Amino acid sequence: MVKVGVLGLQGAVREHVRSIEECDAEAVVIKRIEQLSEVDGLILPGGESTAIRRLIDKYNFMDHLKEFAQSGKPMFGTCAGLILLAKNIVGYDEPHIGVMDVKVERNSFGRQKDSFEADLDIADVAEDFQAVFIRAPHIVRVGENVEILAKHNERIVAAREGNILGCSFHPELTDDHRFTAYFVNMVKEAKS
Ligand SMILES: NC(=O)CC[C@H](N)C(=O)O
């Protein structure tokens, strides 16, 4: 059974644990850098990217997260997690972890739609995925090696670059675990 870590500093951690377990993988909540070597893949949950970043720095995670991504182990950023992975963020000079060749815009679906659900067609995953967006970012630009997996109203909301997966929404908040299962499969393939 593969082990999937969830960065447990802030945000929707328990929900991801439940979703990983529904996909028949073992979930490990990562609170210390030493735990990273135990897992085959890592999820960066949604929450508040600025708050998670502060905790990443406080607990010295930054270099270890970059190394994790560069080692080829799969990494999945959801919502704030996608912002942490992006190489470019609209309005910011510097990225956070900066390992995915995308440019993201934070809170980009407008105040009146702080939170909403949308039916998505996600390539290789599902044609009818009910996605939950909460103060979500979207991807405004992708690099040439990035595969676009889903759009909502012409905006890119899910993409993959090799071992790195990112989405604007919260795939862990419903009982539909197909997108988490897609990531768990990436982890299985990378391990075998
Ligand atoms: N649900 C979320 O993860 C929201 C992301 C948050 N708006 C941010 O910019 O970090």
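I call a residue buried if 20 or more other C-beta atoms lie within 10 Å of its own, exposed if 12 or fewer, and partly exposed in between, with C-beta atoms placed from the backbone.

**Entry: ground rules**

I number residues from 1 along each chain as its sequence is written. The model is predicted, so I ask for a pLDDT of at least 70 for local features and count side-chain atom pairs only at pLDDT 80 or more, while totals for chains, interfaces and linings use all residues. Helices (H or I, at least four residues) and strands (E, at least two) are DSSP runs, numbered from the N terminus. I take two residues as touching if their C-beta atoms, placed from the backbone, lie within 7 Å.

**Entry: the active site in the record**

I looked up UniProt, where the unreviewed entry gives "active site" for Cys79, His170 and Glu172. They are spread over 94 residues of sequence, yet they cluster in space, with a largest C-alpha distance of 11.1 Å. UniProt positions are in the numbering used here, feature names are shortened, and annotations may be inferred rather than shown by experiment.

I began with His170, in the loop between strand 12 (164-167) and helix 5 (178-191). His170 is buried because 25 other C-beta atoms lie within 10 Å. Leaving out residues up to four places away in sequence, I found His170 touching Ala12, Gly46, Thr78, Cys79, Val132 and Ile134.

Glu172 lies in the loop between strand 12 and helix 5. With 26 C-beta neighbours inside 10 Å, Glu172 is buried. With residues up to four places away in sequence not counted, Glu172 touches Ala12, Glu15, His16, Ser19, Thr78 and Thr180.

Cys79 sits in the loop between strand 4 (75-78) and helix 4 (80-85). I count Cys79 as buried, because 29 other C-beta atoms lie within 10 Å. The phi of Cys79 is near 55°, a positive value in a residue other than glycine.

**Entry: around the ligand**

Which residues are around the ligand? I listed Gly46, Gly47, Glu48, Ser49, Cys79, Ala80, Ile83, Arg106, Asn107, Ile134 and Arg135. Here a residue is near a molecule or strand if its C-beta atom, placed from the backbone, lies within 6 Å of it. The shell divides into 4 nonpolar, 4 polar and 3 charged residues. For this count, Ala, Val, Leu, Ile, Met, Phe, Trp, Tyr, Cys and Pro are nonpolar, Asp, Glu, Lys and Arg are charged, and the others, Gly among them, are polar. Cys79 is in this shell and also carries the "active site" annotation in UniProt.

The unreviewed UniProt entry also has a "binding site" at Gly47, Glu48, Ser49, Arg106, Ile134 and Arg135. These positions are spread over 89 residues of sequence but cluster in space, the largest C-alpha distance being 12.8 Å.

I then checked two of the annotated residues. Ile134 lies in strand 8 (residues 126-134). It is partly exposed, with 17 C-beta neighbours inside 10 Å. Not counting residues up to four places away in sequence, Ile134 touches Gly46, Cys79, Ser115 and His170. Arg135 is in the loop between strand 8 and strand 9 (138-142). With 16 C-beta neighbours inside 10 Å, Arg135 is partly exposed.

**Entry: the start of the chain**

I found strand 1 (residues 3-7) running parallel to strand 2 (residues 26-30), joined by 5 bridges. Strands pair if DSSP finds at least two bridges between them. Leu7 has Ile30 as its bridge partner in strand 2. Strand 1, helix 1 (residues 13-22) and strand 2 form a right-handed β-α-β unit. Right-handed means that, with the strands pointing away from the viewer, the path from the first strand over the helix to the second runs clockwise.

Cys23 lies in the loop between helix 1 and strand 2. With 19 other C-beta atoms within 10 Å, Cys23 is partly exposed. Residues up to four places away in sequence aside, Cys23 touches His177, Thr180, Ala181 and Val184.

**Entry: two exposed residues**

Asp124 is in the loop between strand 7 (115-122) and strand 8. Its phi is near 65°, a positive value in a residue other than glycine. Asp124 is exposed, with 9 C-beta neighbours inside 10 Å. Glu127, in strand 8, is exposed with 9 C-beta neighbours inside 10 Å.
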